[in-house]
Amino acid sequence: MKKNEPSNGMNRRQFLQMSTGCAVSAMVLGLDSSSSFAASNINDSKKGRKHVILNNGLRMPLLGLGTMTIKGEIGTRCVADAITLGYRLLDTATIYNSETTVAAGIKESGIKREELFITSKLWRADMGYEQTKKAFQTSIDNLGTDYLDLYLIHRPTAKNNDSWKAMEELYHQGKIKAIGVSNFDATQLADLIANSTVKPAINQIETHAFFQENKAFEYLKQSGVQMQAWSPFAEGRKGLFTNPTLASIGKKYNKTVAQVCLRWHYQRGIISIPRSSQKAHLSENIDIFNFKLDDADMGAIASLDLNTTQFPEWR
Ligand SMILES: NC(=O)c1ccc[n+]([C@@H]2O[C@H](COP(=O)([O-])OP(=O)(O)OC[C@H]3O[C@@H](n4cnc5c(N)ncnc54)[C@H](OP(=O)(O)O)[C@@H]3O)[C@@H](O)[C@H]2O)c1
């Protein structure tokens, strides 16, 4: 296959054949291979400390803070509050212009860098071998750190393979602990894997109750790439926060719709990064480790899937 060429059906089949039968290397701690939890994990109330092990052995929190529109003094306070509440995973990106705010929040919290898991993302305009190295340096400078825990290609472009080569080098130099992608479909992911030496650890994609991405859930599991949900609340679109099914499930456990949604992601073994600028919501969103959705709840949430994006403007 030529560099940057989308894979054809044959290559995708080859990829699937290659990956089928391989043990999934992204093991979710405390989860069995189905969607339900091992009982021993349920009552652990340490907030935000649940982790997955990525395919290169790195531990990554299953719940974190999204920072897409988090800026200025309010943003700084919000990041610092989140860290104080127990969040350890912070998700930012060059295009959000939130890296310096994240850095300020970390400083205000007083936490040690090594206690955090920081993700940033390479924007499409910065794709290409040299540009990627430059963009990475800008991101770590903005964040006031000398390494990233995770660096993602934000959106696929024709320069995926060139950027990936640069990211692999940075990974081997220890400047990034894990590398991954975002918004890649199965074909794009298979093509990248076929042209690389380091398998992506993560694919961060739109996932919420109204767009459950069940096919992606399966192919990512089979290929040993951890799934991560962006917009785990669909930004509240389509009335998510007042959905009667989610509200009635919440009522059973004295939990909010937001908590039901995040618990659902968590029980599927999917990393989520809800965003909030309100301390009460930050606190609510991390308080999901003391209840368990049963099979009927999981089934009722499954029935909410509209199997289509709620962000058509970004496609
Ligand atoms: N890779 C990608 O292409 C991509 C794309 C989109 C997003 N992302 C990442 O995913 C993160 C999350 O997605 P998102 O920011 O689009 O949206 P989201 O997390 O789905 O939803 C955020 C909205 O939910 C509200 N909210 C949060 N907690 C709540 C609660 N407990 N009760 C009621 N409302 C609540 C927030 O309002 P308040 O502030 O008032 O709480 C905010 O309006 C982003 O910040 C970003 O880091 C990645």
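Strand S7 (residues 148–153) and strand S8 pair in the parallel sense over five bridges, where two strands count as paired if DSSP finds at least two bridges between them, and where helices (H or I, at least four residues) and strands (E, at least two) are DSSP runs numbered from the N terminus. The model is a predicted one, in which local features need pLDDT of at least 70 and side-chain atom pairs count only at pLDDT 80 or more, while totals for chains, interfaces and linings use all residues. Residues are numbered from 1 along each chain as its sequence is written.

S8 and S9 pair in the parallel sense over two bridges, and serine 182 stands opposite glutamine 204 in S9.

Strand S8 (residues 176–182) is largely enclosed by the rest of the structure, because seven of its seven residues are buried, a residue being buried if 20 or more other C-beta atoms, placed from the backbone, lie within 10 Å of its own, exposed if 12 or fewer do, and partly exposed in between.

These strands belong to an open sheet of eight, with parallel pairing, in the order S4-S5-S6-S7-S8-S9-S10-S11. Its edge strands are S4 (64–66) and S11 (271–272), each of which pairs on one side only. Further along the order, S9 (residues 202–206) and S10 (residues 226–230) pair in the parallel sense over five bridges, and isoleucine 202 stands opposite glutamine 226 in S10.

Alanine 216 lies in helix H7 (residues 214–223), and it counts as partly exposed because it has 19 C-beta neighbours inside 10 Å. Leaving aside neighbours within four places in sequence, alanine 216 is in contact with Ile205 and Met227, contact meaning that the C-beta atoms, placed from the backbone, lie within 7 Å. The C-alpha atoms of alanine 216 and alanine 186, which are 30 residues apart along the chain, are separated by 7.3 Å.

For the chain as a whole, the secondary structure comes to 11 helices and 11 strands, and buried residues make up 45% of its 315 residues.

Terms used: Contact = placed C-beta atoms within 7 Å.
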